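Take the points in order and find each residue as you go.

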Amino acid sequence: MPDLRARKLSKRFSGIRVVNDVNLTVRPGEVVGYLGPNGSGKTTTARMLGGLLEPSGGVVEYDGVDIRADVIAFHRHVGYVPEEPYLYPFLSGREYLQLVGRLRELPEGLLTEKIDGFLRLFSLSVAADQSIGSYSKGMRQKIVISAALLHDPAVVIFDEPETGLDVATTLMLRHLVRTLATRGKAILYSSHILEVVERVCDRVIVLHKGNVVADDSIERLRVLSSSTSLEGVFSQLVIREDPESIARDLADLAATGS
Amino acid sequence: MRTANRGPYLLLTRLFLRQFLENDLLSPDGDRSQMLAIVGAAVISLTLFISMFTSAGYAMSIMMPGEAAVLTLSDKFLYVSLAMLVTALVAAAQWDALTIDYRDAVILQPLPIRPAVLRLAKLTAVAALGAGVAIAVNVFPALIFPWMLAFAVPQMAAWQVLQMLLTQFVIAVGAATFGFLAVIAIREWAGALLGANLFARVSPWIQTIAIVLIGSAILLLPLVSTRVGQRGLTGWRAVLPSTAFMGAYESATGGFLVDLPRRRMTQRQADRDRAFTEIYEQRRPMFAPLARRAEALLGGVALLVLIATALNAFRTPSISVASAQARGRSKIAFLARLVFPRSAAGRAGFDFGLAILWRNKTHRLTLAAAAAIGFAMVLVAISGVDLAADARPTARLLSIQPLLYGCLLVAFRHVLRIPAELRANWGIQIAWQGKARAFANGVRAAAMLSIALPAILVVLPPVAFAAGLTFAAAHALLGIAGAAIVLETLMLSYDKVPFTCTYLPTDNMRAMAPLYALAFLIGAALFARFELGILTGAYSRAGVAFLAATFIALRIAGAFRRRVADIDFNETPVTLQNLGLYS
């Protein structure tokens with residue numbers, strides 16, 4: 001299975017650079033963690049890697065070919081789980097998955113079988129024919145994950161997929177990511193939950209203010225930064241303020257006037 | 001302490017008032033002030049235009065008191081009806097925002113707010129909406145009509161002009177209140193009788209039917225409100241709520257116009273005045289009972305709203321109730337797939353189109369408005385047709401079918417450009433395999449099945465009654481062919497992905513709309529004549545062959561014209577698009 005590669009990827013919005021010369025490679029069978037604080041450019045990078053957003057500079061290559069040469073062909077190999085599960089609220093979960101599956105031209109019988117399976121395994125069978133407008137965020141996230149995996153993609157981009165999921169589903173998702181990797185899928189896992197990244201990912205890329213500040217295996221990053229955990233590594237690379245001090249100030253502010 | 005207690009109530013009232021502007025009609029990127037300005041300007045300019053248009057004649061003529069008393073009945077009928085119907089239409093358009101809905105429950109239930117405060121705030125917001133619309137609709141007619149009338153009837157004293165002004169304002173606001181409350185009563189009673197789950201299913205249909213009926217009534221108003229005084233207040237006119245409020249108007253003013261002192265008149269003027277006075281005196285005894293009926297109607301509908309609201313107050317929507325709104329698999333879609341076996345992308349387009357057209361609020365409301373216009377035109381056309389069983393079919397009778405499906409298909413062409421949910425477009429974008437034509441064919445089939453076919457079936461009974469079942473069936477088949485041709489023609493100029501691409505308003509729409517409307521009416525009339533020729537055997541084979549050739553030619557033209565889809569899944573905010581600031 002081919003690599004997904006970004007070369008000097010950058011993006012500007014209204015002249016403001018939010019992603020700056022990012023280079024990264026996601027290989028088959030590998031789970032690459034993509035870490036960074038809020039506003040660091042994780043989602044923008046994920047959208048560019050998924051071919052959903054045009055980069056201002058640089059290229060995204062799949063199998064050595066610029067994806068802009070044929071974005072539709074590239075999308076056949078990609079599954080994308082966005083941070084915010086925006087869906088059509090007037091469709092039911094089943095209808096949404098049918099729409100996605102049919103657009104991807106899956107055979108009708110296979111599609112029905114897969115949809116029923118996903119809905120059952122995600123415990124959504126009861127709500128399958130209710131409108132998505134009545135779903136909780138977690139239920140929507142499960143529909144989005146199902147839609148991303150319907151066509152058995154070679155590359156899966158998870159952009160903070162654990163948002164809104166309950167504990168059991170989050171645990172299942174971690175196993176799912178690892179299982180997909182063992183089956184040769186190339187996976188980019190963007191998150192700010194360090195514990196999840198530490199458990200799931202083989203390699204970590206840390207983004208800060210649109211720039212890659214680290215790209216290595218978790219073990220090597222620990223050694224380089226003399227930290228015992230990924231949290232320590234992340235703190236050294238990204239966090240400039242003292243979190244304890246800010247936390248204390250916040251608690252003091254909350255208690256003001258009471 | 002008082003401020004702290006009233007805080008949540010005021011905040012919630014403001015929130016609910018904002019919801020009226022921000023419901024699904026306005027995109028998240030839309031400008032609320034702009035929307036408010038457009039709605040306000042539309043209401044004010046409409047009422048100003050109607051007031052000036054109907055009253056301008058008074059400024060240029062002198063009327064006898066009897067003549068004025070009879071002829072102004074039509075205007076009074078028009079004003080109270082307009083106030084009633086426009087306010088009812090606003091209530092129907094705000095259908096889901098009239099009560100505490102699921103969204104409110106989800107957001108507000110976790111907060112420490114007493115349910116009574118929540119309900120009171122919603123009630124205040126709804127009342128403020130009704131009052132605002134009632135005043136906006138009535139202020140210009142109340143100011144302009146009596147003032148202009150004073151030019152035509154110089155005997156009117158200043159205090160009588162003022163009395164008429166105040167009476168008109170109060171009665172028309174009363175009529176508007178009736179219209180507003182009637183819609184709320186329908187909604188509340190439907191909710192109370194059907195229960196939350198069943199109501200959630202049928203509510204969109206009730207709303208759509210209400211909008212179609214009210215919209216048709218507004219469009220028919222100019223026809224219905226002519227010569228009201230001369231035609232009399234009997235038959236179907238007698239039972240209209242508008243007639244009751246017009247009676248209240250006359251009762252409140254005491255019919256002073258007819259009693260005004262006469263100035264010097266010619267013999268002809270005197271005869272005319274005598275004839276009109278006689279007509280008015282015949283109607284006069286009816287006004288007091290009509291006024292009592294108006295009071296009863298207003299009181300009755302208010303009571304109905306109170307009872308239903310009290311019943312529903314015990315069950316503020318909860319998350320559990322709303323989430324139980326099961327949506328069964330569409331049987332129509334299942335049957336349609338048996339008739340229209342097509343590619344996966346085609347099926348995707350078909351199901352997506354069907355869902356959007358009937359479930360998405362903006363699209364449904366647009367279609368409902370088009371249906372209202374269509375039904376109004378149908379009623380105008382059918383009013384001149386002899387529906388007696390032995391009457392011969394005429395082109396006018398046959399024109400009702402293309403008028404109705406034509407209106408709906410034009411609306412469909414418009415809503416194609418409106419994205420169902422801009423932020424959800426990524427889902428289509430990532431799954432898109434470039435099968436634009438197949439997807440559009442699916443959407444076209446959905447329009448044919450869910451819009452054109454029902455319209456054709458709706459007009460089948462009057463045609464069957466007038467010309468027999470065989471003739472009506474043949475007319476329906478030709479109607480299907482005609483609708484297919486109209487659909488192909490309308491789709492010829494559309495080369496984006498339906499319901500997904502960013503909406504860009506057409507620059508020259510305002511200038512072109514009258515021409516399009518004229519072309520549509522002429523086209524419908526010509527097609528009806530052409531159909532009559534086919535159905536009466538004048539040129540049956542040649543006519544059918546012509547229709548088939550036109551359809552095939554349009555399909556071929558479409559295939560050639562439709563370049564590889566230049567798909568635009570842009571999420572550009574509308575305001576930026578309009579200003580050309582996005583790159």
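1. Start with a link inside chain A: A:Glu30 makes a salt bridge with A:Arg203, and their closest N and O atoms sit 2.9 Å apart. (A salt bridge here is a side-chain nitrogen of Lys or Arg within 4 Å of a carboxyl oxygen of Asp or Glu.) This pair ties together distant parts of the chain, 173 residues apart: A:Glu30 lies in the loop between β2 and β3 (31-35) of chain A, and A:Arg203 in strand β9 (residues 203-208) of chain A. Over all chains, a search of the whole structure turns up 30 salt bridges.

2. Before you go on, a word on the ground rules. This is a predicted model, where local features need pLDDT of at least 70 and side-chain atom pairs count only at pLDDT 80 or more, while totals for chains, interfaces and linings use all residues. Residues are numbered from 1 along each chain as its sequence is written, chains are lettered from A and ligands numbered from 1 in the order in which they are written, and side-chain values use heavy atoms, with hydrogens and water left out.

3. Now look at the sheet in chain A. Four strands make an open, antiparallel sheet in the order β2-β1-β4-β5. (Strands are DSSP runs of E, at least two residues, and helices are runs of H or I, at least four, numbered from the N terminus; two strands pair if DSSP finds at least two bridges between them.) Which strands stand at the edges? They are β2 (16-26) and β5 (65-66) of chain A; each has a single partner strand, so one side of each has no neighbour in the sheet.

4. Zoom in on one pairing: β1 (residues 4-13) of chain A runs antiparallel to β2(A) over seven bridges. A:Arg12 stands opposite A:Arg17 in β2(A). Helix α1 (residues 42-49) of chain A packs on the sheet and touches β1, β2 and β4 (57-62) of chain A. (Contact means heavy atoms within 4.5 Å.)

5. Finally, the interface. Here 38 residues of chain B are in contact with 33 residues of chain A. Four salt bridges cross between the two chains. In one salt bridge, B:Asp351 meets A:Arg102, with the closest N and O atoms 2.4 Å apart. On the side of chain B that touches chain A, α11 (319-323), α13 (344-359) and α16 (425-431) of chain B each supply at least two residues. The largest share, nine residues, comes from α13(B).

How values were computed: Pairing = 2+ DSSP bridges. Axes fitted to C-alpha atoms, helices over the stretch in contact; angles between N-to-C directions.
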